[in-house]
Amino acid sequence: AAAALDALAREAERGDWCAGAREARRVLNACSSQLNFGNWPSDAFLDAHVMALGCVAAFALAAPEALDAGLDAVCARENDPMASAACRNEDWDSDVRLARVALDLLTASALLRVGKVPSWCGGIIRCVESDFVARTKNALEFPFGSRIPDELPAKDVPCVDATRAMMVERAADLEPTRFYEAYVATDTPVVITGHLEREGWQALELFKTLDIFYKYGDTIVPVEYGTAFESHGVGVTSLSRFAQSFLAPSNDAHDGAPSSTNVAYVSQHQLFHQIPELCETFTVPPYALGRVSPETSAINIWLGTSGTRTSLHRDPYLNLLCQVAGFKYVRVYDDAQTQYLAPDVLRAGNKNTFTRSPLDPERSVPTAAVFVEHILRPGDVLYIPKNHWHYVRSLTTSVSMNFWF
């Protein structure tokens, strides 16, 4: 990584953008390779990762041919969702690839400590964003007033078995101390009702319609098309185009199980770093116990149509999933059920290990696997213990936030 950084600096100084992009990809490849064996041994790896992503984006803005320079030599292993867009062999056009690199830069820089984010990061991301939106504008009329459903659809709603129902607590009755003792200390999932209303979350009102997506319509976001079990690829879109093309039709159809071709998901995205004023619309729940930190990519938004389905997976953090608008069906399996779930581990050597299962929880998971389930409604907060398997299906258009800690 150090040698590649030296070479990168030399090529940048010479103004050879293609050569510089090749060296930047060497840096990214070195950083990624380290994560396959263990954690980055120092913050210098994160600094190098951010610098290299910024260089790929900046050099491509200066010379479009630099975007693919050296790509063939550093392609990530197939189907690695954790690899940088700058090193993935995806069938993207140049606009989408550059936008994905900029979004990777956003994600990486968000991991830096306060005061350590390079001053140039925001400018590069905004330049890429403006270029992408200008090139991909469409003539669709914005769906002002389109409301996210406030009731469940008439069909394709799972029937929650009383013997598998999650624990439910009212926020008014659950202080953080008892939450820790009863649920965190015992690794027990729980749904907390009424907390978002009690805390006065403006987001509950803000996301009742799609109008907010017009105000911030030129913001770019990563999007997954289809579901984890029937994927139609990944790409980039703007918030306004996402609302026009996917969210408004989902609201109109109000169908609990649409065709996968009508499904799209902006998942685990750090939108609040792009639009800081949205941070005023929510508060960090006290149930996070003061442990939210940048190192966990702590606060994310999840925006999607009806019918989004995650893989069955588990995370190396405790999780609070807050349902802001729409409805989601959730299943949670504890660690003892791993023997039934055919786990596939990515980057097993480091603390950010991601584990997923190829099995479809609603169709192919062995019946011996024990789980609890619940349908989340606006205002609900779901606590998922560390390393508990979970699966989520959106029953309507949906907006969620999560806090890892």
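A pocket is defined on a 1 Å grid over the protein atoms alone, as an open set of points where a 1.4 Å probe fits, with protein on both sides within 12 Å along at least five of seven lines. The lining, made up of residues that have an atom within 4 Å of a point, comprises 23 residues, and Ser109, Ala110, Val117, Phe272 and His273 lie nearest the centre of the pocket. Two or more lining residues are given by each of H4, H5 and helix H11 (271-274), where helices (H or I, at least four residues) and strands (E, at least two) are DSSP runs numbered from the N terminus. H5 supplies the largest share, 4 residues. By class, 14 lining residues are nonpolar, 7 are polar and 2 are charged; Ala, Val, Leu, Ile, Met, Phe, Trp, Tyr, Cys and Pro count as nonpolar, Asp, Glu, Lys and Arg as charged, and the others, Gly among them, as polar.

As the model is predicted, local features need pLDDT of at least 70 and side-chain atom pairs count only at pLDDT 80 or more, whereas totals for chains, interfaces and linings use all residues. Residues are numbered from 1 along each chain as its sequence is written, and side-chain values use heavy atoms, with hydrogens and water left out.

In one of them, Asp95 and Arg135 meet through their side chains at 3.5 Å, N to O. This pair links distant parts of the chain, with Asp95 in helix H4 (residues 94-109) and Arg135 in helix H5 (residues 121-136), 40 residues apart. Arg135 is exposed, at 55% relative accessibility, and a network of salt bridges links Asp95, Asp131 and Arg135. Glu129 and Arg126 form another salt bridge, with their closest N and O atoms 2.6 Å apart. Because these two residues are 3 apart in helix H5, Glu129 and Arg126 are separated by about one helical turn. Glu129 is buried at 5% relative accessibility, while Arg126 is partly exposed at 42%; buried means under 20% relative accessible area, exposed over 50%, and partly exposed in between (1.4 Å probe, protein chains only).

A further salt bridge joins the side chains of Arg164 and Glu373 (3.4 Å, N to O). Arg164 lies in the loop between H5 and strand S1 (167-170), and Glu373 in strand S12 (residues 372-376), 209 residues apart. Arg164 is partly exposed at 28% relative accessibility, whereas Glu373 is buried at 2%.

Strand S15 (residues 398-404) is largely enclosed by the rest of the structure, because 7 of its 7 residues are buried. Ser398, Ser400, Asn402 and Trp404 cover one side, and Val399, Met401 and Phe403 the other. S15 runs antiparallel to strand S6 (residues 299-304), to which 6 bridges join it, and pairs in the antiparallel sense with strand S8 (residues 319-325) over 6 bridges; pairing requires at least two DSSP bridges between two strands. Asn402 is the bridge partner of Asn300 and also of Leu321.

Conventions:
A salt bridge is a side-chain nitrogen of Lys or Arg within 4 Å of a carboxyl oxygen of Asp or Glu.
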